[in-house]
Amino acid sequence: PPLPAEAGLNRFVWNLRLPNATGLPGLIMWGGSLAGPRVVPGNYQVRLSVDGKPVGTESFVLSKDPRLGTSQEDFQKQFDFLSKANSKLSETHAAILEIRDLRKQIEDLSAKLKPEQKDLKDKAADIVKKLTAVEEELIQTKIRSSQDALNFPIRLNNKLAALKSSVDGGDYAPTAQAYDVYNDLSGRIDAQLGALAKIKSEDIAYFNKVFNEKGLPVIVTKSR
């Protein structure tokens, strides 16, 4: 967040973290967090800018707690793991946002189709069904409050966020099991991202081709 600009002494406290993972409107997770990774001990600089123009830079050293026996290498391993997990979580949430955008576009277009265009309405409904299936693998869509996770099992995004929080819970390198779980979750997420890419390149591409030939609006997709 930007520094306050009130007259007198202003204070900013850094939480030693990089930016959070991409979030979602109304996101509720069980035992997981979007928090960015904590930086490793080392030499850093702080730069003060006013209206986007740098006006001063100072160097400082971030030292580890002297009571810890954690090595610099282990700090780095933890940072690298959390950075990778944060990036994958952001990618997952970006895909969910895209799915929701695509579904709304399709539903809006389908609502404008005439009764005699039933073939297009059926195709639109089929695409929506496929998109929803991918979304429901990536995120538990039934969670509306913190207690809902007790009734509805969490999905891939929450499992990844929970793993991230577990590794972030202390000053140590990730365990071999943490890497195994990450590889499993990221592989399953990638499979769903691949399914989304196929829907876009085949189903939506065909839908757009037919719509374009009829002079109708097309579905706008994002490249990845």
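Two exercises with worked solutions follow, on a predicted model. Local features need pLDDT of at least 70, side-chain atom pairs count only at pLDDT 80 or more, and totals for chains, interfaces and linings use all residues. Residues are numbered from 1 along each chain as its sequence is written, and side-chain values use heavy atoms, with hydrogens and water left out.

**Exercise 1. The hairpin**

Solution: 
- Take the strands (DSSP E runs of at least two residues, numbered from the N terminus).
- Count the bridges; pairing requires at least two found by DSSP.
- Find a facing pair. R47 stands opposite T57 in β2.
- Check the turn. The hairpin has 2 residues between the strands, and D51 takes a positive phi near 55°.

**Exercise 2. T92**

Task: Is T92 buried or exposed, and what does T92 contact beyond its neighbours within four places in sequence?

Solution: 
- Locate the residue. T92 sits in helix α1, residues 72–111 (a DSSP H or I run of at least four residues).
- Read the accessibility. T92 has a relative accessible area of 0%, so it is buried.
- List the contacts (heavy atoms within 4.5 Å). Leaving aside neighbours within four places in sequence, T92 touches L138, N157 and I189.
- Look at the side chain. One of its polar atoms lies 2.8 Å from the backbone oxygen of K88.

Note on methods: Buried means under 20% relative accessible area, exposed over 50%, partly exposed in between (1.4 Å probe, protein chains only). A polar contact is a pair of N or O atoms within 3.5 Å; within protein, one must be able to donate a hydrogen and the other to accept it, and residues adjacent in sequence count only if both atoms are side-chain atoms.
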